[in-house]
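Hi everyone, thanks for making time. I'd like to walk you through a few side-chain arrangements, so please have the viewer ready.

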Amino acid sequence: MQPKKMPESGQGDLFRARLDQILNPKHPLFILANQIDWKSFEEDFGAFFVEKQGRPGLPVRLVVGLHYLKYTFDESDESVVERFLENPYWQYFCGFDFFQHEFPLDPSSLVRWRKRIGPKGAEKLLLETVKTAKQNKLLKKNHVNRVNVYTTVQEKAIAFPTDSRLYHKMRKDLVEAAKEREIKLRQSYTRKSKTAILKQGRYRHARQMKRAKKETKKLQIYLGRVIRDIQRKSPHPDVSLKEKLDLAQRILQQKQKDKNKIYSVHAPEVECISKGKAHKKYEFGCKVSVVTTSKDNWIVGIDAIHSNPYDGHTLKQTLKQATRITGWRPKMAYCDRGYRGVSKSVPDVEVHLPKPKRKGLNRTVLKWLKRRSAIEPVIGHLKSDNRMEHNHLQGKEGDRINAMFSGCGFNMRKLLRAFLCSIFKVFLSLQQTGSDRIDQDNPISMTA
């Protein structure tokens, strides 16, 4: 069914104080709650729900507000719901008129809601943060004329992939699937596999590589035996079991230098990406392309891109998203040398790259190319403050949703800081005018 409306104050709340009467109206979160166009979310997300079927959906403002708060303050699904009960400003931001003493929803409802709206809905949340910045004249058209473009890696929340761990986890997964379908296996190798993986880790730590290799081979043999046993006793498996058997075969047969390898059992979409970092040679996740304004560093485009493409091939798609979100087309894009050879593929946009010894660069271009490096601390904040360092959302769509929500969190923090600074400016101006009046009334103090 369609989502519920936010609860309105009834006669039973006659003697309760409203939140807007208790809270400080100058608080940045209070101001931001009144700036966002919440009705647009109800109109856009209404298409994701079916009329007169199932239980009523949760209020749209509540779920959208919780997602904004989650990625702004780096919370999990569980902690954002728990902190909601303690913080009246969060409750007002999510659309409640009175203080709430009970949990508004189960944290698992946030998971299902994200799956329902998908990446398109996540982009709508990012668009609304940009729209709010435009309404308050914090983001202007001349800001979008020049943009910085860069790619980074969004790591998946997986353990470091090793052959022994993959064999052990895949065998365990297949044994559990066989038990669910009441397939009686000849041997599950649960005890032997556990012993083998413990020995493998200890031998590896002691640099006894031959012994460690033998234990890895044992784990591979155990997995192969379980696969063949299930195939014999279930010649026509269901879709889920067939997918697991195919995944197990790929893990069993893959070699060190193969392409499109499997690095995680529960997240087979993970890719191995090398970005040339000294402290971290390989990262396991997916590429994320980020577009920020060269002036003021607003995120106007962010998306996860799979199959590890060349950085330059992502430029056209990324700039299209920036145009779609802001409504203005960038005129100049400043990139690093990873985008070489693509300047002609993006019409109407000047792509500027750094050149060796700065040959052929005028002062203006050189000035904005220096400014390009400002995107790197932005990516650092996305990872440390806005939940892009380790992605816990499932599948390829989960990668895209997490990246866009991280961009929302970054823009929200900028909006909160902007409203806080405006309050301080007003306070300082009032303080200055007050001191000027005192000096005029008491001219002796001016000469003292």
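Let me start with a term: a polar contact here is a pair of N or O atoms within 3.5 Å, where, within protein, one must be able to donate a hydrogen and the other to accept it. And please keep in mind that what you see is a predicted model.

With that in hand, go to Gln-154. The side chains of Gln-154 and Asn-402 are joined by a polar contact of 2.8 Å. A polar atom of the Gln-154 side chain also lies 3.2 Å from the backbone oxygen of Asp-399. Where does Gln-154 lie? You'll find Gln-154 in strand 1, which covers residues 146-156. Is Gln-154 buried or exposed? Its relative accessibility is 1%, so Gln-154 counts as buried, the cut-off for buried being under 20%. Leaving aside residues up to four places away in sequence, Gln-154 touches several others, among them Gly-285, Cys-286, Val-288, Ala-304 and Met-388. Asn-391 and Ala-403 are also on that contact list, and so are Asp-399 and Asn-402.

Now for the rings. A pair of aromatic rings is described by the distance of the centres and the angle of the planes. How many aromatic pairs are there? The count comes to twelve. One is formed by Phe-30 and Tyr-92, a stacked pair with 4.4 Å centre to centre and 0° between the planes. Phe-30 belongs to helix 2 (residues 28-35) and Tyr-92 to helix 6 (residues 88-93), so this pair ties together parts that are 62 residues apart in sequence. Phe-30 is buried, at a relative accessible area of 8%, and Tyr-92 is buried too, at 13%.

Next, look at Phe-73 and Trp-90. Their ring centres are 5.4 Å apart and their planes meet at 25°, so we call this pair stacked; the cut-off for that is under 30 degrees.

Over the face of Phe-41 lies Lys-124, 5.5 Å from the ring centre.

Key:
Residues numbered from 1 in each chain as written. Predicted model: local features only at pLDDT ≥ 70, side-chain atom pairs only at ≥ 80, totals over all residues. Heavy atoms only, no water. Helix = DSSP H or I, 4+ residues; strand = E, 2+ residues; numbered from the N terminus. Buried < 20%, exposed > 50% of the residue type's maximum accessible area, 1.4 Å probe, protein only. Contact = heavy atoms within 4.5 Å. Phe/Tyr/Trp six-rings, centres within 6.5 Å; stacked < 30°, edge-to-face > 60°. Lys NZ or Arg CZ within 6 Å of the ring centre and 35° of its normal.
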